[in-house]
Amino acid sequence: MNKYFIVTIDTECDKSKDWSIPQPLQFKNILEGIPNRLTPLFERYNVKPTYLISPEVIRDSASSALLKDLKNVELGTHLHGEFIEPQANYASTGTWEYQADYDYDTEFQKMKNLTQLFVEIFGYRPLSFRAGRFGLGVNTLRILQELNYKIDSSIFPYQKIRTKHNNFDTYYYPTKPHVADPIDIAELPLTVYSRFYDKVPAFLGRRISNSKLPLKVLSKLIGKKRIKPYSLRHSTVPLEVLKDVIDGYTRLHSKSEDIVLHAMFHSNETIVGGSPYCNSEDELSCWFDRLEELLVYSRSLGFTFVTMTEYYAVLKHTKKT
């Protein structure tokens, strides 16, 4: 059995503890957080992260130059539609839009412009992508294929996402990476594990997830920790639960040829005050300590760190054979 661990980072401008965006735009998290704290940690454990870059960061010359110089990383794209034409709002104080709410033409043009901007600045075509706010739309995979992307990471399993025009239920969406036939785009969901939902038949689990009363009763009977799905988001999940996610997910897929873990966070979490999670130096130190312990634990279990596109090559080879 092969074991792969993928770290993806939504790479964005500086934000605040309520996720709002200070104007004019600032990029302290890119220029200080990444080189001073994040990169040395990754180099220590041979982690090969995938930075999924939002358009305002690509457009900032100092930020794009720093990202271009990073070693042993993959650079891909991340769409926050406020910062790319058509219908851009460069003075926006938040990234609240879901690309799932765009009509086809608007979404395609935003994606095309983002991709062209990436090519113009970095000199090659991006292959990996994530929608802002995990807001994958019904047209997104087809658009990615038309723009020659290879792998997407816009699915957060076991979530109910309500946008302005759409409701999405990702309960019982496949949690393993797969190729989204008939569209030839690989899908890399965020790793999520639930002791309860992963053992309950989908038809029953969906009913329970849609009703507050059964969930309340079950939480009291068997414990909230057993019911709630947990992800590999170290920013919000305690270390012991992160280990439970890894162990439980590995057991669940123990008969698979590959075990693939996918953890994510935002670049603005690497500085004090850049997110709801790190509002003091002590909180930031704990954030980095928890990330390091997650990486150490994964490596102790035999996981190899790879980029999104490196795993895409493995997945395509496995599918062919």
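Student: How far apart are the mean positions of the positive and negative charges of the protein?

Tutor: They are 8 Å apart. The count covers 41 positive and 38 negative charges. Lys and Arg are taken as positive, Asp and Glu as negative. Keep in mind that this is a predicted model.

Student: What makes the radius of gyration agree with a compact globule?

Tutor: Set the value against the rule. A compact globule of 321 residues would have a radius of gyration near 20 Å, and the protein has 19 Å, so the two agree. Along its principal axes, the C-alpha trace spans about 55 × 45 × 45 Å.

Student: What is the protein built from, in helices and strands?

Tutor: It has 11 helices and 13 strands.

Student: How many of the residues count as buried, and what makes a residue buried?

Tutor: The cut-off is under 20% relative accessible area. Of the 321 residues, 54% count as buried. The accessible surface comes to about 14300 Å², and carbon and sulfur atoms hold 51% of that.

Student: Which residues of helix α6 are buried?

Tutor: In α6, residues 202-209, they are Gly 205, Ile 208 and Ser 209.

Student: Why are they said to line one face of the helix?

Tutor: Look down the axis of α6. The buried residues fall within an arc of 95°, so they line one face. An α-helix has 3.6 residues a turn, so residues three or four places apart point the same way. On the other side of α6, Phe 203 and Arg 207 are exposed.

Student: Why is Asn 148 called partly exposed?

Tutor: Partly exposed lies between the buried limit of 20% and the exposed limit of 50%. Asn 148 has 44% relative accessibility, so it counts as partly exposed. Asn 148 sits in the loop between α5 (140-146) and β5 (151-152).

Student: How do you know that the bond from Gln 23 to Pro 24 is cis, and what is its omega?

Tutor: Omega is near 0°, and the bond is cis. Pro 24 lies in the loop between β1 (2-11) and α1 (28-44).

Student: What kind of peptide bond joins Glu 85 and Pro 86?

Tutor: A cis bond, with omega about 0°. Pro 86 is in the loop between β3 (74-79) and α4 (104-122).

Notes:
Residues are numbered from 1 along each chain as its sequence is written. This is a predicted model: local features need pLDDT of at least 70, side-chain atom pairs count only at pLDDT 80 or more; totals for chains, interfaces and linings use all residues. Side-chain values use heavy atoms; hydrogens and water are left out. Helices (H or I, at least four residues) and strands (E, at least two) are DSSP runs, numbered from the N terminus. The radius of gyration is taken over C-alpha atoms; the globule rule is 2.2 Å times the number of residues to the power 0.38. Buried means under 20% relative accessible area, exposed over 50%, partly exposed in between (1.4 Å probe, protein chains only). Accessible areas come from the Shrake-Rupley method with a 1.4 Å probe; for residues, only the protein chains shown count as cover. The place of a charge is taken as NZ of Lys, CZ of Arg, CG of Asp or CD of Glu. The arc is that of the directions from the helix axis to the C-beta atoms.
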